[in-house]
Amino acid sequence: MSGEKPEVSTYREFADNVLPRIKANNYNTVQLMAIMEHSYYASFGYHVTNFFAVSSRSGTPEDLKYLVDKAHSLGLRVLMDVVHSHASSNKTDGLNGYDVGQNTQESYFHTGERGYHKLWDSRLFNYANWEVLRFLLSNLRYWMDEFMFDGFRFDGVTSMLYNHHGINMSFAGSYKEYFGLDTDVDAVVYLMLANHLMHKLLPEATVVAEDVSGMPVLCRSVDEGGVGFDYRLAMAIPDRWIDYLKNKDDLEWSMSGIAHTLTNRRYTEKCIAYAESHDQSIVGDKTMAFLLMDKEMYTGMSDLQPASPTID
């Protein structure tokens, strides 16, 4: 997605053309999406078919290593967007195909409705099974050892933490929402094991959780009884900005509401705040720039004539 041409950009093009711009803008870390092999391009890398393969659309494994090495030479840390919350339901080229004929104890996925995410059309791991733990934990080590990633951003953590997967749930903060039969204890244990392993392999690793539920102690160490993540994404912040830009006039913006959203986090847990999310730009919504400029983005940005009031 990072190139200007109407084609899939390569790892080497990203390394040579984009990384220097990221460094020049004083960032210290870059997170890469869609690295694991996925057959469906429109899934943006989230329907993984091969967890140990580098997505071939953008180049070879050596090309990806070149990207990581180039980032490190610029002083940038590189996090990988890892998808251990679900897997592609493809049977011909996905992990789902290996599930056929196995008994429940050996299966990668839960059976029946519990093994299928109805909103994502994907299969859900059975984190209680030994082979699943071995597969996913070795997968993390593979990306760290072979490609020298500095850590991970775990996708879909909310879906992992609960048997309801966060579907049609609006979390109000009551402890009953977190500590009860709705919690998938096996998934919580897997995440604790994963964080323990990664910090043992690389003590300075950075591991980020994409969780909208506010699960307590998600970002406290495993030694304290926490799940072990270093940070969680403050996902309510980009949603707040988009809500204001789409639904409220300027005079309706609430300073107390904004301050609450910016500071609403678990005590002593670190958050990564961000103004804009990829959800806004690719999942049926508009970027901030598009919301503000709308159709004039296409007609009013020429250097050959004065900018319109809207563009200004």
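With a relative accessibility of 15%, Thr206 counts as buried in this predicted model, since the cut-off for burial lies at under 20%. Thr206 belongs to strand S9, which covers residues 206-209, and its side chain is joined to that of Arg77 by a polar contact of 2.9 Å. When residues up to four places away in sequence are left out, Thr206 touches Arg77, Leu79, Asp150, Gly151, Phe152, Asp230 and Tyr231.

Helix H3 comprises 18 residues (130-147), and at 1.5 Å a residue these should span 26 Å, which agrees with the 25 Å that separates its end C-alpha atoms. The buried residues of H3 are Val132, Leu133, Phe135, Leu136, Leu137, Asn139, Leu140, Trp143, Met144 and Phe147. In an α-helix there are 3.6 residues a turn, so residues three or four places apart point the same way. The elements against which the buried residues of H3 pack are strands S2 (36-38), S3 (48-54), S4 (77-82) and S8 (151-154), together with helices H2 (61-73) and H5 (185-201). After H3 comes Met148, for which phi is positive, near 65 degrees.

An open sheet of 3 strands is also present, in which the order is S5-S7-S6 and the pairing is antiparallel. Strand S5 (87-88) and strand S6 (116-117) each have a single partner strand and stand at the edges, so one side of each is left without a neighbour in the sheet. The antiparallel pairing of S5 with strand S7 (residues 122-123) extends over 2 bridges, and Ala87 is placed opposite Arg123 of S7.

How values were computed
Residues numbered from 1 in each chain as written. Predicted model: local features only at pLDDT ≥ 70, side-chain atom pairs only at ≥ 80, totals over all residues. Heavy atoms only, no water. Helix = DSSP H or I, 4+ residues; strand = E, 2+ residues; numbered from the N terminus. Buried < 20%, exposed > 50% of the residue type's maximum accessible area, 1.4 Å probe, protein only. Polar contact = N/O pair within 3.5 Å; in protein donor to acceptor, adjacent residues only side chain to side chain. Contact = heavy atoms within 4.5 Å. Expected span 1.5 Å × (residues − 1). Pairing = 2+ DSSP bridges.
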